[in-house]
Amino acid sequence: MAAVDPLGPTADIGLLSPVWAAGTVAETTSDRAVLGHLLEVEAAWVDVLARRGLASTAEAEQVRAACDPAEYDPAAIARAAQGGGNPLIPTLRALRTRLPAGAAATVHLGATSQDVVDTALMLMVARTARDLTADLRAAAGALSRLALTHRTTPMVARSLTQHSLPSTFGLRAATWLDGLAQATRRLERATTDLPIQWGGAAGTLASLAGHVERARRAGGLADEVTAFDLVEDL
């Protein structure tokens, strides 16, 4: 009997990019990871709504339990996403089918697909950057040891591929180390305190503000709470 490929015929497993496949970034940026980030953002948002009184604790727990990416089919979601142009639309549909009516109604309250997709991608960038930074630091440590070990090891230096004055391999390794150190610092600066995107339709938070006002009139929300407070909680 032929073996079944659980990844499907269109999966990219890195046969033509083995360096990429060997790194942790391949896992943290996979379709399964993106799906997990989308679901994580949706669950986190319902957690915020529950803390602020726009959803119940039970509903938040139900949503969190339904957001296990292993329970979803990324390939089916990708095919279904062609109609709306983004993967969140079918993901939301699949999520809501796993929830009772009350919890399903709280999912995505006052948000847009762009809010969740952009925020999920920032979450992916932050986590991937941590792995890249760890790799860079490990490589820098190895280069530092090489530079020290070979600080007096002679080698031929080159200028435009021609032999130049003698140098040391330690200096060459130290030059590589300087480049990696610069890259590490720049990566850390670029990925520190990444923003979320949460503006609602047209970026005005109007829909969310409407939900907040209705909850306030119903007595379930403190007078001073605004839509911006909910976004800051996220």
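User: What volume does the second largest pocket have?
Analyst: This is a predicted model, where local features need pLDDT of at least 70, side-chain atom pairs count only at pLDDT 80 or more, and totals for chains, interfaces and linings use all residues. Residues are numbered from 1 along each chain as its sequence is written, and side-chain values use heavy atoms, leaving out hydrogens and water. A pocket is an open set of points on a 1 Å grid over the protein atoms alone where a 1.4 Å probe fits, with protein on both sides within 12 Å along at least five of seven lines; its volume is the space filled by probe spheres set on the points, which are joined across faces, edges and corners. For the second largest pocket, that comes to about 230 Å³.

User: Which helix gives the largest share of the lining of this second largest pocket?
Analyst: Lining residues have an atom within 4 Å of a point, and among them are Glu40, Arg64, Thr119 and Leu234. Helices are DSSP runs of H or I with at least four residues, and strands are runs of E with at least two, numbered from the N terminus. Both α3 (31-52) and α8 (113-149) supply at least two lining residues. The largest share, four residues, comes from α8.

User: How many helices and strands does the protein have, and what is its radius of gyration?
Analyst: The protein has 11 helices and two strands.
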